[in-house]
Amino acid sequence: MKMSEDTKTIRILCPKLVLTNTGLQWLIGSPFFPPLTVVSTIRCIHDNASSPDYDKESDELRTLLLRGFYVIGALIIKNSDAENEKNASEAIGAARRLRRLLSAEAELANAITIGAVSDSAAADVRFFVSRSETSTSIETVDYVLYDDNPLKFVWERGCLIRCELPIRLPFYYSVNKPSDAENIYVHATEAVAAKLKDPQIVYVVETLSQASAEVPQPVVLRGKDLDFDTDLSNVKLLVEADQEDLNGLSCAHFCLKSKSAPPFFSAENADKIQVSVLLNSSQKSPKSAAPIAEYYPALEDARLLVVEFKLEVLCYATKSLPLTYAVSKLVFPGLFDQLNSMKKAIKPFLLTQHPQLQPFHFIPPGLLHPITVIYELNYGETEMKQVDVRKSLHLRLGLPFDRPLLRIANAVDLSTKDSSRSSSLRKGSPLPRDVHIGIPSSGVTGGFVSLVQGSYEYYHYLQDGIDDSGWGCAYRSLQTIISWFRLQHYTSVDVPSHREIQQALVEIGDKDPSFIGSREWIGAIELSFVLDKLLGVSCKVINVRSGAELPEKCRELALHFESQGTPIMIGGGVLAYTLLGVDYNEASGDCAFLILDPHYTGNDEHKKIVNGGWCGWKKAVDSKGKNFFLHDKFYNLLLPQRPNMV
């Protein structure tokens, strides 16, 4: 059956529609996009031979998906395409059932649902649609458009809205009836949720962009002026509202980039709006009212229990959406859902140690929009419960399992008007980064260059107010290596100071307590101990008896940079260097080493660092016959291994 003429095409924005194995994927769209626009896919992971666990799926997707995105269909992948229409009907039925758990009934009345089908052995996907929730017929889609610039499609028209709301919830329960505590807790949490709709509530809306003369003044929206009942299915009518009064003021009012396009479109580069929640407690008081004190008497056998929530909701909205609807239909439901999710997670542990729950927002590669994850901070990042949570998220989002893309260090920081972050020890200007870029060539003819993969910071003598000249080169090399792991988001551990490095070695028993605060040298082995303790990173060590043997290791070093890509520490005699790459001609044996020298004592000017040879190619024997690596000294090379983990 062909589609009728009023429905145009299926538009695919996401770069990856089909995962390699069989199963079910949810197709994600937005009420702000044309009805048949697929912006992303999220795999169903609570699935068995009979059907998905819709309750678990809805609970997780309610947190994971930003308000402003929702389920518009499903893709089913099976080993055979012999029954396409039957499989499409199954996918449509699954999507409808999940959507009923996630959306209000009023929003589903005329919802078009997509059913997509693929044979796991084939590359193509066939699409079908059903026109309403009550329809049993499906129609074939013949034309599918894969968008050439999906980021522009999403972020030219849309913006992000952030609302952070810490809640401290005290309540009393009887020590003689601890079983009542759960009911009291639930009622108290529900009262807080209801308060978000209170006519006295105030939502302050402002821009999160950096300060400038063009930044508009904050807008105050009061609860009594908000409409919590109108659904977003009427968004086409809403965007035509009068822009002159407060009720018609749109998100575009705070989108400073709307007049000129950014250099590139992305979620990180999107316009961002901040919403703060305030409660006007003194609205009914006389104008001359003094500060108010409230007293809550408790029974003699009562015990006070305090539960804390840290809500942080991120939403997506079209820039033309009126602010009143952005708050009432995106921010408020987002806060409500997140509060309920945390309430459920805390409830089983109410009278013991409460979980420390905190939302984080991520934009993993391949996904056009952020997702939100609530992590339990009582777990360490390497604790298995936390690892298992990340594994399930990687599975759901189709992410690789050999790199940590959803660790806290990867989270998008929207907490300040300037969201840039540095892993540097410094509180002032950032350290120089990737100083090897743009340096002159090595001089090796016909060589193959293998370099460090990713970014690092350059640590050297006299930084951070520490005079470590003559003894701190290995410490500085270690700091550079750890900065690499931070900037590649393998860890959120801060780059340690000299004293913290010494403290770590004392804690593992490698050094005596007197080592802390000393100026004693450390070498490759000590660096491996610190990397293992602080980051859980293992290292390979190459020993050579003389600097003359180092060129013989070029093939092995090139393999390291190609496969692992981490900076290498070279320690020999009383000197330590950081190795960033090799240029090696396998036929002739000619080679050069890209050395980052931590013995530099000048200021952090890239030109001065490169021109002075503090970052540059070094041959084992230079044109004047001078040996860079000493022939009467042994060398240890520390090769940190890239973690294969989530």
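1. A residue is termed buried when its relative accessible area is under 20%, exposed when over 50%, and partly exposed in between. By this criterion, buried residues account for 50% of the 646 residues in the protein chain. The model is a predicted one, and the remarks below should be read accordingly.

2. Overall composition. The protein chain contains 12 helices and 23 strands. Its accessible surface comes to about 30,700 Å², and carbon and sulfur atoms hold 51% of that area. Of the contacts between residues at least 6 apart in sequence, 71% join residues at least 24 apart.

3. Helices H4 and H6. Two packed helices are described by the angle between their axes and the distance between the axes. Helix H4 (residues 180–195) packs with helix H6 (residues 323–346) at an angle of about 170 degrees, and their axes are 10 Å apart. Angles over 145 degrees count as roughly antiparallel, and H4 and H6 are therefore roughly antiparallel to each other. On the H4 side, the residues that meet H6 are Tyr185, Val186, Thr189, Glu190, Val192 and Ala193. Their counterparts in H6 are Phe332, Phe336, Leu339, Met342, Lys343 and Ile346.

4. Asp198 is placed in the loop between H4 and strand S11 (201–207). With a relative accessibility of 17%, Asp198 counts as buried, because the cut-off for that class is under 20%. Asp198 and Leu279 are separated by 81 residues in sequence, whereas their C-alpha atoms are 8.6 Å apart in space.

5. Helices H1 and H7. The axes of helix H1 (residues 54–64) and helix H7 (residues 384–397) come within 13 Å and cross at roughly 85 degrees. H1 and H7 are therefore roughly perpendicular to each other, since the range for that description is 65 to 115 degrees. From H1, the residues Glu57, Glu60, Leu61 and Leu64 meet Leu393, Arg396 and Leu397 of H7.

6. Backbone angles in two loops. Most residues other than glycine have a negative phi. Asp434, in the loop between H7 and strand S17 (448–451), has a positive phi near 55 degrees. Leu462, in the loop between S17 and H8, also has a positive phi, near 75 degrees.

7. Helix H9 and its neighbours. In helix H9 (residues 498–507), the buried residues are His498, Ile501, Gln502, Ala504, Leu505 and Val506. An α-helix has 3.6 residues a turn, so residues three or four places apart point the same way. The buried residues of H9 pack against helix H8 (473–487) and H10. Gly509 follows H9 and has a positive phi, near 90 degrees.

8. A nonpolar surface patch. Ile508, Ile525 and Phe529 make a nonpolar surface patch of about 230 Å². Phe529 belongs to helix H10 (residues 524–535). The relative accessible area of Phe529 is 32%, and the residue is therefore partly exposed.

Key
Residues are numbered from 1 along each chain as its sequence is written. This is a predicted model: local features need pLDDT of at least 70, side-chain atom pairs count only at pLDDT 80 or more; totals for chains, interfaces and linings use all residues. Side-chain values use heavy atoms; hydrogens and water are left out. Patches are made of residues with over 30% relative accessible area and no salt bridge: like charges are joined within 9 Å, nonpolar side chains (Val, Leu, Ile, Met, Phe, Trp, Tyr) within 5 Å. Accessible areas come from the Shrake-Rupley method with a 1.4 Å probe; for residues, only the protein chains shown count as cover. A salt bridge is a side-chain nitrogen of Lys or Arg within 4 Å of a carboxyl oxygen of Asp or Glu. Helices (H or I, at least four residues) and strands (E, at least two) are DSSP runs, numbered from the N terminus. Buried means under 20% relative accessible area, exposed over 50%, partly exposed in between (1.4 Å probe, protein chains only). Axes are lines fitted to C-alpha atoms, for helices over the stretch in contact, and angles run from 0 to 180 degrees between N-to-C directions. Angles under 35 degrees count as roughly parallel, over 145 as roughly antiparallel, 65 to 115 as roughly perpendicular and the rest as oblique. Contact means heavy atoms within 4.5 Å.
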